[in-house]
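Opened the notebook to look up how the strands go together.

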Amino acid sequence: MELKNIVNDIKSYIDSEAVKNKIALDLGLKFKNNKCLCFKHSESNPSMSFDSKKKKFKCFSCGASYDIFNHYQEYHNKSFLEAVKSIISDFNMNIELDNHPMYYEADETLVDIAYEASKMIEGI
């Protein structure tokens, strides 16, 4: 299975509320009307909302976008591949990443760059 398919499987498998709750719990976010203060910049009025369909946060003030993969990379200080493996484990998914040849052979920096480029291309 290609890494892109694994990422898509993860996105479709994880419940949007589980994503929102995991990130909110880790970052101490408090919601009102599905909005919260953006953790990427200082503000006093909530400008960040959670899109349940896309399963990601979006700040309408600074433009920041934040999904479960960003969270594991930034908050847990993991490479993209480490984040994928942790997400699979933490959300009890039955996805075999260890058997994926890219997991062992790829330069993690290149995989991280490829993931960021794919987000920009797809407008994630």
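Entry 1. I looked up Lys 56 and found it opposite Asp 67 in β4. Strands here are DSSP E runs of at least two residues, helices are H or I runs of at least four, and both are numbered from the N terminus. Next pair along my list: Phe 57, which stands opposite Tyr 66 in β4.

Entry 2. Housekeeping: the model is predicted, so I keep in mind that local features need pLDDT of at least 70 and side-chain atom pairs 80 or more, while totals for chains, interfaces and linings use all residues. Numbering runs from 1 along each chain as its sequence is written, and side-chain values use heavy atoms, with hydrogens and water left out.

Entry 3. I checked how β3 meets β4 (residues 65-67): they run antiparallel, joined by 3 bridges. Pairing requires at least two DSSP bridges between two strands. The two make a hairpin with 5 residues between them, and Gly 63 in the turn has a positive phi of about 85°.

Entry 4. On to β2 (residues 48-51) with β3 (residues 56-59): antiparallel again, over 4 bridges. Ser 49 has Lys 58 as its bridge partner in β3. This hairpin has 4 residues between its strands, and Lys 55 in the turn shows a positive phi of about 55°.

Entry 5. Which order do the 4 strands take in the sheet? I get β1-β2-β3-β4, an open sheet with antiparallel pairing. β1 (35-36) and β4 are at the edges with a single partner strand each, so one side of each has no neighbour in the sheet.
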